[in-house]
Amino acid sequence: MCLASGQYRPNDPNKLLHKCDIYRSKEAGAIVKKIMESGSSENWRDTLSLAIGENKLDGSALREFFQPLEEWLRNENLRTGQFIGWNYDGDYCKHSIETANLQVYGGFYNGANSPVTSTLVLISLLSILLTCVNGYLI
């Protein structure tokens, strides 16, 4: 919708994705109308293909949209020395899992404190929230 409305151009510093505003855009409205017309009568991939010419989703736009926030968070955490992630308290977690009769596969405990994982989880949650908010506003 940002491409169609002329609000975004890849690799153009004057038309960044996170500054896209499709409010009152006839082009973006036409895309939403095409998507909504079929309702649930057609496969979503077919509907997407008819509306925007692509039939598969790609997360790269979300990464690009949140790139300024991710960069700011990274710099702010480096500046403040903030620890990102969770500390492993294996005994408590192991006891809780065993008490619930659950089985853990693949050495989950060894990778639980990865800072990259926690950052990606944060970005995923933010993207879901933004998608919901934008979907409501459109």
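**Salt bridges in close-up**

**View 1. Arg-63, Glu-70 and Arg-74 join up in a network of salt bridges.** In this predicted model, local features need pLDDT of at least 70 and side-chain atom pairs count only at pLDDT 80 or more, while totals for chains, interfaces and linings use all residues. Residues are numbered from 1 along each chain as its sequence is written, and side-chain values use heavy atoms, with hydrogens and water left out. A salt bridge here is a side-chain nitrogen of Lys or Arg within 4 Å of a carboxyl oxygen of Asp or Glu. The structure holds 4 salt bridges, and these views show some of them.

**View 2. Arg-63 pairs with Glu-70.** The closest N and O atoms of this salt bridge are 3.0 Å apart. Glu-70 is buried at 11% relative accessible area, whereas Arg-63, at 41%, is partly exposed (buried is under 20% relative accessible area, exposed over 50%, partly exposed in between, with a 1.4 Å probe and protein chains only).

**View 3. Glu-70 also forms a salt bridge with Arg-74.** Here too, 3.0 Å separates the closest N and O atoms. Both residues belong to helix H3 (residues 60-80) and sit 4 residues apart, about one turn of the helix; helices (H or I, at least four residues) are DSSP runs, numbered from the N terminus. Arg-74 is partly exposed, with 46% relative accessible area.

**View 4. Glu-76 and Arg-79 meet through their side chains in a salt bridge.** The N to O distance is 2.5 Å. About one helical turn lies between the two, as they are 3 residues apart in helix H3. Glu-76 is partly exposed at 24%, and Arg-79 is exposed at 59% relative accessibility.
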